[in-house]
Amino acid sequence: GHRMTDPRLQSPAARRNRDTILDVLRRVLPATGTVLEIASGTGEHVAHFAAAFPALVFQPSDPAPERRASIDAWCEGMANVRKALDFDTTARNVIDITISAIYCANMLHIAPWKAAEGLFSTAQNLLSGHQKLVLYGPYRVKMAHTSPGNAAFDADLRARNPEWGIRDLEDVTALAEQSGFGAPDITRMPANNLTLVFSRKA
């Protein structure tokens, strides 16, 4: 219905990157099942992806109430999107839904490292043989930034919060391996981002 105030938040970056991410998801998501999105943000991604995969159910989540309101508003009327869950990977609250894949964009660098640990712990608990954990965002590779823009972004993040910052691909890969995942399938994305697809070991 008509609202005086629109709860839908907007992210220009989400609109710019959603189709290149969708191209990767078309290759790796299962035909059926439930996809859990962690740190859904505005909800623009999940609305776009759910429209592209009518046979999949999407479960968005975010720890922030205003973002959950935005997600639910963007996805209003979509039969294959569930109401956004209050989920914070650092709190380790339990998700008791059967999940077939997990997607998470742009979280690891705007969160403490324990959020990454919680993400992989969650994925280890929810996924089984060969199911996919898909991560999108900026990463350092071989201890170096992939662009001057990413180096400046990293410095800005660390100035805002010393626990934040662009993560090393090698650290994320090591954490994945400790959590029962194989080495990532890496797709280079526009704007010096990467999509990492981890498969749960059988």
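The following dialogue examines how several terms apply to this predicted model.

User: What must be known about the model and its numbering before the terms are applied?
Analyst: This is a predicted model, in which local features need pLDDT of at least 70 and side-chain atom pairs count only at pLDDT 80 or more, while totals for chains, interfaces and linings use all residues. Residues are numbered from 1 along each chain as its sequence is written, and side-chain values use heavy atoms, with hydrogens and water left out.

User: Why is Thr195 called buried?
Analyst: Buried means under 20% relative accessible area, exposed over 50%, and partly exposed in between (1.4 Å probe, protein chains only). Thr195 has a relative accessible area of 1% and is therefore buried.

User: Where is Thr195 placed, and which residues does Thr195 touch?
Analyst: Thr195 is in strand β8, residues 193–199; helices (H or I, at least four residues) and strands (E, at least two) are DSSP runs, numbered from the N terminus. Not counting residues up to four places away in sequence, Thr195 touches Val24, Val134, Leu135, Tyr136, Asp185, Ile186, Thr187 and Met189. Contact here means heavy atoms within 4.5 Å.

User: Which residues of helix α3 are buried, and against what do they pack?
Analyst: In α3 (residues 65–74), the buried residues are Arg68, Ser70, Ile71 and Ala73. Their packing partner is α2 (44–52).

User: How are helices α4 and α6 placed relative to each other?
Analyst: The axes of α4 (residues 113–126) and α6 (residues 169–178) come within 9 Å and cross at roughly 35 degrees. Axes are lines fitted to C-alpha atoms, for helices over the stretch in contact, and angles run from 0 to 180 degrees between N-to-C directions.

User: Which residues make this contact?
Analyst: On α4 they are Trp113, Ala116, Glu117, Phe120 and Gln124, and on α6 they are Asp171, Val172, Leu175, Ala176 and Gln178.

User: What makes a space in the structure a cavity?
Analyst: On a 1 Å grid over the protein atoms alone, a cavity is a set of points where a 1.4 Å probe fits but cannot get out; lining residues have an atom within 4 Å of a point. The structure holds two cavities of 30 Å³ or more.

User: Which residues line the largest cavity, and how much space lies in it?
Analyst: About 40 Å³ of space lies in the largest cavity, and its lining consists of Leu25, Leu29, Val35, Glu37, Val46, Phe49, Phe58 and Tyr103. The elements giving two or more residues to this lining are β1 (33–38) and α2.

Key: On a 1 Å grid over the protein atoms alone, a cavity is a set of points where a 1.4 Å probe fits but cannot get out, and a pocket is an open set with protein on both sides within 12 Å along at least five of seven lines; lining residues have an atom within 4 Å of a point. Grid points are joined across faces, edges and corners, and a volume is the space filled by probe spheres set on the points.
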